[in-house]
Amino acid sequence: MPILQDLIHAMSAGSLEVVDLTARLTSDTPILQLPPQFGQTATFELQEISRYDDRGPAWYWNNFRTGEHTGTHFDAPNHWVSGKDGEDVASVPPSKLVAPAAVLDFSAEVAANADFLLEIDHVKAWEQTHGPLPAGGWLLFRTGWDAWSHSQEEFLNADDNGPHTPGLSAECARWLAEESPVIGLGTETVGTDAGAAGGFEPMFPCHNLMHGAGKYGLTQLQNLAELPPTGAVIVASPLRIVRGSGSPARVLALVER
Ligand code: MN
């Protein structure tokens, strides 16, 4: 099959780079914090079973405990009530897990305003320069927010008025869900919605509208700065958790150099 032969040649020639978009997963990986009346997601924890010792002389291994939505992770449609009859993470077709990406860089705007919201007009202007969003692909929203992922406090960036992190306006989320050809939205922040999105109409519009339309989310991505605006191919690999609403995922990008 010539396409895969070309791919193999490009990999051995070094003209195809694999970029890791995945955050390191440790007990310090930032997690979402909801108001105290709600259930909370778990931080990632390793529990050692044995380490070349009496518990297992020749082998090292761990159990782990984590939230489905901890670290770099995939949001399935059934994560939100609007998508409750939609796919669980185990049912997402593998053909959706390998897909092209458009990378929209608004890191300069976000550096000036942590509450920056992507609007439909921003996306339309981007399309004027780079062409239409990829059918069956991802919109990856680059904000530079991965720079704060070493610190729970800086990553959530909350004050008395709540968290201040970038996202999409409700109008833009609706357009992305209902009118654009993408299968999902990827962000660098703790979730796909803006920090202030609990007060939007509808509440958390990226979750509500995207999952209601059967679309997906990828969050806490890193290294989007290494991707071109168009032409990268994303490989997202959530665990196939039956009935799962999402999963930590290794997310890779294939980039031609
Ligand atoms: Mn999530």
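Residues are numbered from 1 along each chain as its sequence is written. Because the model is predicted, local features need pLDDT of at least 70, side-chain atom pairs count only at pLDDT 80 or more, and totals for chains, interfaces and linings use all residues, while side-chain values use heavy atoms, with hydrogens and water left out.

The protein chain holds six helices and 14 strands. Helices (H or I, at least four residues) and strands (E, at least two) are DSSP runs, numbered from the N terminus. The radius of gyration is 19 Å, close to the 18 Å that the globule rule gives for 257 residues, so the chain is as compact as a globular protein of that length. This radius is taken over C-alpha atoms, and the globule rule is 2.2 Å times the number of residues to the power 0.38. The C-alpha trace spans about 65 × 55 × 40 Å along its principal axes. Of the 257 residues, 46% are buried. Buried means under 20% relative accessible area, exposed means over 50%, and partly exposed lies in between (1.4 Å probe, protein chains only). Contact means heavy atoms within 4.5 Å. Among contacts with a separation of 6 or more, 72% join residues 24 or more positions apart.

Asp75 sits in strand E4 (residues 73–75). Both His73 and Asp75 are buried. Asp75 has no salt bridge, and the nearest side chain of opposite charge, Lys215, is 15 Å away. Here Lys and Arg count as positive and Asp and Glu as negative; His and the chain ends are not counted. Leaving aside neighbours within four places in sequence, the contacts of Asp75 include His207, His211 and Tyr216.

His207 and His211 belong to helix H6. This helix (residues 205–212) is mostly covered, with six of its eight residues buried. They are Pro205, Cys206, His207, Leu209, Met210 and His211. These residues pack against E4, E10, helix H5 (170–178), strand E11 (184–187) and strand E12 (216–219). After H6 comes Gly214, whose phi is positive, near 80°.

Thr165 lies in the loop between strand E9 (162–163) and strand E10 (167–168). Its relative accessibility is 7%, so Thr165 counts as buried. A polar atom of the Thr165 side chain lies 3.0 Å from the backbone nitrogen of Gly195. Beyond residues up to four places away in sequence, Thr165 touches several others, including Ala114, Trp145, Phe155 and Gly195.

The model has eight salt bridges. A salt bridge is a side-chain nitrogen of Lys or Arg within 4 Å of a carboxyl oxygen of Asp or Glu. One of them joins the side chains of Asp20 and Arg250 (2.6 Å, N to O). Asp20 lies in strand E1 (residues 16–20) and Arg250 in strand E14 (residues 246–256), so the pair ties together parts that are 230 residues apart in sequence. Asp20 is partly exposed at 23% relative accessibility, and Arg250 is partly exposed at 48%.

Glu45 and Arg65 form another salt bridge (3.8 Å, N to O). Glu45 is in strand E2 (residues 45–53) and Arg65 in strand E3 (residues 56–65), so this pair links parts 20 residues apart in sequence. Glu48 and Arg51 also meet in a salt bridge (3.8 Å, N to O). Glu48, Arg51, Asp53 and Arg55 are linked in a network of salt bridges.

Key: Polar contact = N/O pair within 3.5 Å; in protein donor to acceptor, adjacent residues only side chain to side chain.
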